[in-house]
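Q: I am new to this structure and would like to go through it step by step. Could we look at the sequence and the model together?

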Amino acid sequence: MNKLVAPFAALAFVFSIAIAQADEAAGKVAAVDPASGSLVLEDGTTFTIGDGVSMEGLQPGTEVTVSYQEKDGQLIATEVAPSK
């Protein structure tokens, strides 16, 4: 029995890391509001900009890729970068 605990613990750890990783979305910026810290894509997806994420240079029409995590029903942007 003890020989099975370590492999299952390792497997659980790997899955917990996968769950914690950020998702990504891509699209054109529809609106940016630095005062409220929000970014809206043309498809209506709204992100709250996370701490330390720069909003500099973001403007409507810019193609971006947004890395984000969902927390308490909000999409929190962890990185926003121009699409290549």
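Q: To begin with, how many bridges join E1 to E2, and do the two run parallel or antiparallel?
A: This is a predicted model. In the model, E1 and E2 run antiparallel and are joined by four bridges. Within that pairing, Ala31 stands opposite Val40 in E2.

Q: What lies between the strands in the hairpin of E1 and E2?
A: Four residues lie between the strands of that hairpin, and Gly37 there takes a positive phi near 70°.

Q: Which residue other than glycine has a positive phi?
A: Asp72 is such a residue, with a phi near 50°. Most residues other than glycine have a negative phi. Asp72 is found in the loop between E4 and strand E5, the latter covering 74–82.

Q: Is Asp72 buried or exposed?
A: Asp72 is exposed, because its relative accessible area is 76%, and exposed means over 50%.

Q: Stepping back, how many helices and strands are there in the protein?
A: The protein has one helix and five strands. Read from the N terminus on, the elements run α-β-β-β-β-β.

Q: In what order do the five strands close into a barrel?
A: The order is E1-E2-E3-E5-E4, and the pairing is mixed. On average, neighbouring strands of this sheet are turned by 55° against each other, with direction ignored.

Q: How do strands of a sheet pair in general?
A: They pair through backbone hydrogen bonds, either parallel or antiparallel.

Q: And in which sense do E2 and E3 pair?
A: Strand E2, residues 38–41, and strand E3, residues 46–49, pair in the antiparallel sense over three bridges. In this pairing, Ser38 stands opposite Thr48 in E3.

Q: How many bridges are there between E1 and E4?
A: There are six bridges between strand E1, which spans residues 23–33, and E4, and the sense is antiparallel.

Q: Where is Ser67 placed, and is it buried or exposed?
A: Ser67 belongs to strand E4, which covers residues 63–71. Ser67 is buried, because its relative accessible area is 10%, and the limit for buried is under 20%.

Q: What is Ser67 in contact with?
A: Leaving aside neighbours within four places in sequence, Ser67 is in contact with Ala22, Asp23, Glu24, Ile76, Ala77, Thr78 and Glu79.

Q: Changing topic, how many aromatic pairs does a search of the whole structure find?
A: The search finds one aromatic pair. Phe47 and Tyr68 form this pair, which is tilted, with 5.3 Å centre to centre and 55° between the planes. Phe47 lies in strand E3 and Tyr68 in strand E4, so the pair ties together parts that are 21 residues apart in sequence.

Q: Are Phe47 and Tyr68 buried or exposed?
A: Both Phe47 and Tyr68 are buried. For Tyr68, the relative accessible area is 15%.

Q: What else does Tyr68 touch?
A: Not counting residues up to four places away in sequence, Tyr68 touches several residues, including Ala22, Ala25, Leu75 and Ile76. Tyr68 and Ala22 are 46 residues apart in sequence, while their C-alpha atoms are 5.1 Å apart in space.

Q: Which residues touch the most other members of the largest nonpolar core?
A: That core has 15 residues, of which Leu39, Phe47, Ile49, Val64, Val66 and Val80 touch the most other members. Each of E1, E2, E3, E4 and E5 supplies at least two residues of this core.

Q: What does Val66 touch?
A: The residues that Val66 touches, not counting those up to four places away in sequence, include Leu39, Phe47, Ala77 and Val80.

Q: What about Lys28: where is its place, and how accessible is it?
A: The place of Lys28 is in strand E1. Lys28 counts as partly exposed, because its relative accessibility is 36%. Among the residues that Lys28 touches, not counting those up to four places away in sequence, are Val40, Gly61 and Glu63. The C-alpha atoms of Lys28 and Ser83 are separated by 9.3 Å, although the two residues are 55 apart along the chain.

Terms used:
Residues are numbered from 1 along each chain as its sequence is written. This is a predicted model: local features need pLDDT of at least 70, side-chain atom pairs count only at pLDDT 80 or more; totals for chains, interfaces and linings use all residues. Side-chain values use heavy atoms; hydrogens and water are left out. Buried means under 20% relative accessible area, exposed over 50%, partly exposed in between (1.4 Å probe, protein chains only). Contact means heavy atoms within 4.5 Å. Two strands pair if DSSP finds at least two bridges between them. Axes are lines fitted to C-alpha atoms, for helices over the stretch in contact, and angles run from 0 to 180 degrees between N-to-C directions. Rings of Phe, Tyr and Trp (its six-membered ring) pair if their centres lie within 6.5 Å; planes under 30 degrees apart count as stacked, over 60 as edge-to-face and the rest as tilted. A nonpolar core is a set of buried Ala, Val, Leu, Ile, Met, Phe, Trp, Tyr and Cys residues joined through side-chain atoms within 4.5 Å.
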